[in-house]
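Please read them alongside the coordinates.

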Amino acid sequence: MSITPDISVIVAAYNVDRYIVDCLSSLSQQKNVFAEFIIVDDGSTDSTLKIINEFAIKDSRFIVHSHTTNKGLLSARLSGFSLSSGKFICFLDGDDLLCDSHSLRNMLNLIKICDCDIVGFDVKVFGDKSVACSRKQNWLNCKTVTAKSSLEILNLIFDKHLCAWNIWNKLYRRAVVEKAFQFAHNDYLVCAEDAYLTFLIACFAQTFQKQNTQPLYLY
C-alpha cells in the first residue's frame, strides 16, 4: 500500500547545469518530512538532465520527467503537478534552492498552524547586485496579511499589491491547485507564468495568510 507524501516539490529546469546541483542538493538534505521531488527537465540542451538523473539514482524521492523539446516554464509546472501526489504543493525553480534542511518541515508546520489553503513565507534574495537584491527581498517579504475569500486574495495580490504574485514563495493545499490547473491553458508563455498560475490558484482558494518567517527559500 502506497502512502501519500505530505508535500510535493515541483522543480522546472531548463539549461541550468550551473545551478541545478545546488538546487537538488537542497532537496536531498531535507529532514523530518515525507516528501517527493518532481523534477521536470524542459528539453535542456546542456547537462541538466544528466545531473538530475544522477540524483534520482541515489535518492528515490526524486521523480524525473523529461520533455523532448522545450515547452516553457508553464508546461513544465503543469507536467510536474500531474505526476505529483502530495497533500501540499510547492514550486522550486531549477536555479534556486531551499534555505536549510528543515525548510519543507517548516512550510508544513506553518500551513497547518495557519489552517489555510495558501500560506506565504519569507525568502532570501542573493546575487552580485546588493541594492537590487535588497529591493527585491523587501518586495517579496511583505508584512503579515490575511484573506478569507478568493476575491480578498485576488485584491491583496493583484489590486492592492500587498503580497507578491510569485508562485514559489508559497505553499498550497493540493485540492486547490488541482481545481485551478484544470483551467490552465498549456501555452508557451514568454513571461508572467507565475502571475498567471497564482491568479488561477487564488480564484479557487478561500483562505490565505502571508506570515513573516525565517527565510525558507533562496532566490
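**Notes on strands and sheets**

1. Six bridges join β2 to strand β3 (residues 62–67), and the two run parallel. Strands here are DSSP runs of E with at least two residues, and helices are runs of H or I with at least four, numbered from the N terminus; two strands pair if DSSP finds at least two bridges between them. Ile39 stands opposite Val64 in β3. From β2 the chain crosses through helix α2 (residues 48–58) to β3, a right-handed β-α-β crossover, where right-handed means that, with the strands pointing away from the viewer, the path from the first strand over the helix to the second runs clockwise.

2. This is a predicted model: local features need pLDDT of at least 70, side-chain atom pairs count only at pLDDT 80 or more, and totals for chains, interfaces and linings use all residues. Residues are numbered from 1 along each chain as its sequence is written, and side-chain values use heavy atoms, with hydrogens and water left out.

3. Strand β1 (residues 7–13) pairs with β2 in the parallel sense over seven bridges. The bridge partner of Ile7 in β2 is Ala35.

4. Eight of the eight residues of β2 (residues 35–42) are buried, so the strand is largely enclosed by the rest of the structure. Buried means under 20% relative accessible area (1.4 Å probe, protein chains only). Ala35, Phe37, Ile39 and Asp41 point one way, and Glu36, Ile38, Val40 and Asp42 the other.

5. A three-strand open sheet has the order β5-β11-β7, with mixed pairing. Its edge strands are β5 (97–98) and β7 (123–124).

Conventions. Buried means under 20% relative accessible area, exposed over 50%, partly exposed in between (1.4 Å probe, protein chains only).
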